[in-house]
Protein chains: 2
Amino acid sequence: MVGEREARMALCALVPSGALAFARALLEFGPVALWEAFASQGEATSWGRRALRVDLPALQRATDACGARFIIPGDDEWPAPLAALDVVQVGQQAGQPVGLWVRGQPLRAEGQVAVVGARAASGYGEQVAVTLAADLAANGRGIVSGLAFGIDAAAHRGALGMRGLSTAVVASGVDEPYPAAHRHLADTLMGSGALVSEVPPGERPTRHAFLARNRIIAALSDAVVIVEAAARSGAKNTASWASALGRPLLAVPGPVTSSLTATPHRLIREGVAILCTGAADVDEVLGPPGAVPEPDGRGAPRPVDALADALLEVRDAVGAGEDVPVAALCLRTGQPMVEVLANVSELVERGWLEENPDDATVRLPRRRGR
Amino acid sequence: MVGEREARMALCALVPSGALAFARALLEFGPVALWEAFASQGEATSWGRRALRVDLPALQRATDACGARFIIPGDDEWPAPLAALDVVQVGQQAGQPVGLWVRGQPLRAEGQVAVVGARAASGYGEQVAVTLAADLAANGRGIVSGLAFGIDAAAHRGALGMRGLSTAVVASGVDEPYPAAHRHLADTLMGSGALVSEVPPGERPTRHAFLARNRIIAALSDAVVIVEAAARSGAKNTASWASALGRPLLAVPGPVTSSLTATPHRLIREGVAILCTGAADVDEVLGPPGAVPEPDGRGAPRPVDALADALLEVRDAVGAGEDVPVAALCLRTGQPMVEVLANVSELVERGWLEENPDDATVRLPRRRGR
């Protein structure tokens, strides 16, 4: 029988990150029982055979060897906003990370903005990403991105250029952050920020892991800014996560003659993203850096993670800009109707939700600038 | 005693175009009485002295000499949508033109889109304006603009390049359209379209006339597209007219690093303009070219000018995207409350307005793509 930390580390090595069915099973059975359920199948099943090949002592050695630490929910360093990933889903992805390998400084749970976009960015896009990240960092905000070529790297560099804090969430193990060309960038950002992955050391990134890490980028950030993204782009997935999590989504416009503006322009046109021309637009949405951004003008602000779990579940089930029928919150949270109604009342009373009695829908409170 | 046509021509020469107080006086007294009121003052007042200097036979000769015609409200060629200018105001400007000098083909009353923007446009902006106008013209839409350097000229050229129809509303007399460098462009567009001014032949453009013509550009168009405009720009005035007239307003985004995108981006961010990446976005807002664009899905479409005058007044007093308190419609139309209520009811019934009984406001019906 392994402990929770070992079970979580083993599960990270065994199952694909962010898979919906697995996330639901983890919530239902807990990490220890779930790991035992896999491991006990032994040679009888493919999951069992894979579980037998998970070498926990080797994983721990690889973790130590690269100077990483493995953190899990409940640890002091675990960013509370990640819990919201357990109550929303995008496509077939869901779930807060089973655990995270971290190199560098302690993870921040707030005051960070994600700046993400195309790998094959234009000079214009990289210039905007550098300037935007630098201006945000100068105001004390951390920059979260994915260390990828193009916009991601430009965002990290903009923050670091201002001696700012930057966090990179990678789809590979943190021992050999992908892409290898950005190893020096990764080393530099660990000085003030952190390198993070839910994939064990030694693992190469998979297509699946590239998508899965987008949910972590969105969850670690107070807002997400898309700088450039073609019609088919991973940034669209990050945008979906931002919306699902109720994080403000912004997008930077650019020449309509560039295919890299297709996704930002579509998101703005459809009202999904707010048009962003620079750091001032982010400040307008989030309020001044350092301020607790919500609720607005309704008594003393309280951090969202101070809410009881059942309240948090309901509140996190309401996406930014959507009017959610109260009935839909039963489906989204799994709470019985009577409980949802009580929780909605309390959330409305405390300023976390706004109610439209006409059509029995609720929405997030409007902030200034929205 | 002069006739209405002569009175209107004389008034065009006497009073600044689009001045609010004058427009209101014209509505109250009619052109003949208003002209006589000025002319009868003789040498006693400055208006009287100026009226004495208006040389109607010389004006008529100048009109004939450049092959222009002078049209007035009530003429077959007078575009009905101009009447809406009598019931809205922007700043201290209002009023449909007292008359119009026209060279070229008969004015179109529908099926036209305004494409306007900065004089000191960028290469990017001109490229976008040419392409947009060409694509709109290829779909059978006419292009309205102001013949100015930069975006205006690019828009005219884009339309003409597709053998399309283009209308230029200028702030000078139509005999010597301003700027002189675009005389050949003006000659060309008269082959299929028209050159229009409310300023008499022989007049040089004034700052006032440049602003005043923007309301004609907006009123002649089914929609207005702003391509590039710095923070201080005449295009902002055209945008205000589009909003006041309930014409859909679109704006083309561009590099946030260019000062010429300040106004388009602000208009989009604030929800005043719809983001436009090309002709398809205009088509989405207006419906397919040739179709009567409204109302949508509520019985057979009827052209807006088929409405009785009092109904039209109320309907035109509601701008795009605004929720107007019914009480405000009394002020805007000058109709008594009981009449406004009756007219609102009829407009709602016929699908021309939507009512929000909760707060006693009305709005234009939502179209697809908004």
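## Charges over rings

In this predicted model, Arg119(B) lies over the face of Phe210(B), 5.1 Å from the ring centre. A charge counts as sitting over a ring if NZ of Lys or CZ of Arg is within 6 Å of the ring centre and within 35 degrees of the ring normal. In chain A, Arg50(A) lies over the face of Trp47(A), at 4.6 Å from the ring centre.

## Basis of the model

Residues are numbered from 1 along each chain as its sequence is written, and chains are lettered from A and ligands numbered from 1 in the order in which they are written. Local features need pLDDT of at least 70, side-chain atom pairs count only at pLDDT 80 or more, and totals for chains, interfaces and linings use all residues, while side-chain values use heavy atoms, with hydrogens and water left out.

## Aromatic pairs

A pair of aromatic rings is described by the distance of the centres and the angle of the planes. Rings of Phe, Tyr and Trp (its six-membered ring) pair if their centres lie within 6.5 Å; planes under 30 degrees apart count as stacked, over 60 as edge-to-face and the rest as tilted. Over all chains, the whole structure holds six aromatic pairs. One of them joins Phe38(A) and Trp47(A), a tilted pair with 5.1 Å centre to centre and 40° between the planes. Phe38(A) is buried, at a relative accessible area of 12%, whereas Trp47(A) is partly exposed, at 30%. Here buried means under 20% relative accessible area, exposed over 50%, and partly exposed in between (1.4 Å probe, protein chains only).

In chain B, the ring centres of Phe38(B) and Trp47(B) are 5.1 Å apart and the planes stand at 40°, so this pair is tilted. Phe38(B) is buried, with a relative accessible area of 12%, and Trp47(B) is partly exposed, at 29%.

## Strand β9 of chain A

Helices (H or I, at least four residues) and strands (E, at least two) are DSSP runs, numbered from the N terminus. Strand β9 of chain A (residues 223–226) is covered on both faces: Ala223(A) and Val225(A) are buried on one side, Val224(A) and Ile226(A) on the other.

Two strands pair if DSSP finds at least two bridges between them. β9(A) pairs in the parallel sense with strand β5 (residues 112–116) of chain A over four bridges, and Ile226(A) is the bridge partner of Val116(A). Three bridges also join β9(A) to strand β10 (residues 249–251) of chain A, again in parallel; there, the bridge partner of Ile226(A) is Ala251(A). From β9(A) the chain crosses through helix α10 (residues 234–245) to β10(A), in a right-handed β-α-β crossover. Right-handed means that, with the strands pointing away from the viewer, the path from the first strand over the helix to the second runs clockwise.

## An open sheet in chain B

Chain B has an open sheet of three strands in the order β12-β14-β13, with antiparallel pairing. β12 (324–325) and β13 (354–356) stand at the edges with a single partner strand each, so one side of each has no neighbour in the sheet. Three bridges join β13(B) to β14 (residues 361–363) of chain B, and Glu354(B) stands opposite Arg363(B).

## Relation of the two chains

Chain A can be laid on chain B with an RMSD of 0.2 Å by a turn of 180° and a shift of 0.1 Å along the axis. The two copies are thus related as by a two-fold rotation axis. Copies are superposed by least squares on the C-alpha atoms of residues with pLDDT of at least 70 in both. Of the residues of chain A, Gly254(A) comes closest to the axis, at 2.1 Å (C-alpha).
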